[in-house]
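Open the model in your viewer and keep the selection tool ready, as this tour goes from one selection to the next.

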Amino acid sequence: MNDMIGKRLKELRNEAGLTQTKVAKAIGVSEPTISLWERGERTPNIEMLSKLCDFYDVSADYLLGRVDFY
């Protein structure tokens, strides 16, 4: 599941034309944290998952890979 979250986070960031640094600043984490999430080495906790969903305007189900649409 970590791989799906990471894949989706990276796709969303790239589609928005954002850097990892910009996303990190927007949600209040470090750039290395974004990198770890995108590589599937770490998983965002529920608070960060919620912030990411709000930031990208997608559902948690989408980030988790449970659905294929935002």
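A cavity here is a set of points, on a 1 Å grid over the protein atoms alone, where a 1.4 Å probe fits but cannot get out, and its lining residues have an atom within 4 Å of a point. Grid points are joined across faces, edges and corners, and a volume is the space filled by probe spheres set on the points. The model is predicted, so local features need pLDDT of at least 70 and side-chain atom pairs pLDDT 80 or more, while totals for chains, interfaces and linings use all residues. Residues are numbered from 1 along each chain as its sequence is written, and side-chain values use heavy atoms, without hydrogens and water.

Select L9, V23, I34, E38, L52 and Y56, which line the largest cavity. Two elements, helix 3 (31-38) and helix 4 (46-56), each give two or more residues to this lining, helices being DSSP runs of H or I with at least four residues, numbered from the N terminus. The space inside is about 30 Å³, and a search of the whole structure finds 1 cavity of 30 Å³ or more.

Next, select I34, S35, W37 and E38, the buried residues of helix 3, where buried means under 20% relative accessible area with a 1.4 Å probe, protein chains only. They lie on the same side of helix 3 because they cover an arc of only 160° around the axis, taken from the directions from the helix axis to the C-beta atoms. Just after helix 3, G40 takes a positive phi of about 75°.

Finally, select L9: which residues is L9 in contact with, leaving aside its neighbours within four places in sequence? They are W37, E38, L52, Y56 and L63, contact meaning heavy atoms within 4.5 Å.

Key. 1 Å grid on protein atoms, 1.4 Å probe; cavity = no way out; pocket = protein on both sides within 12 Å on 5 of 7 lines; lining within 4 Å. Buried < 20%, exposed > 50% of the residue type's maximum accessible area, 1.4 Å probe, protein only.
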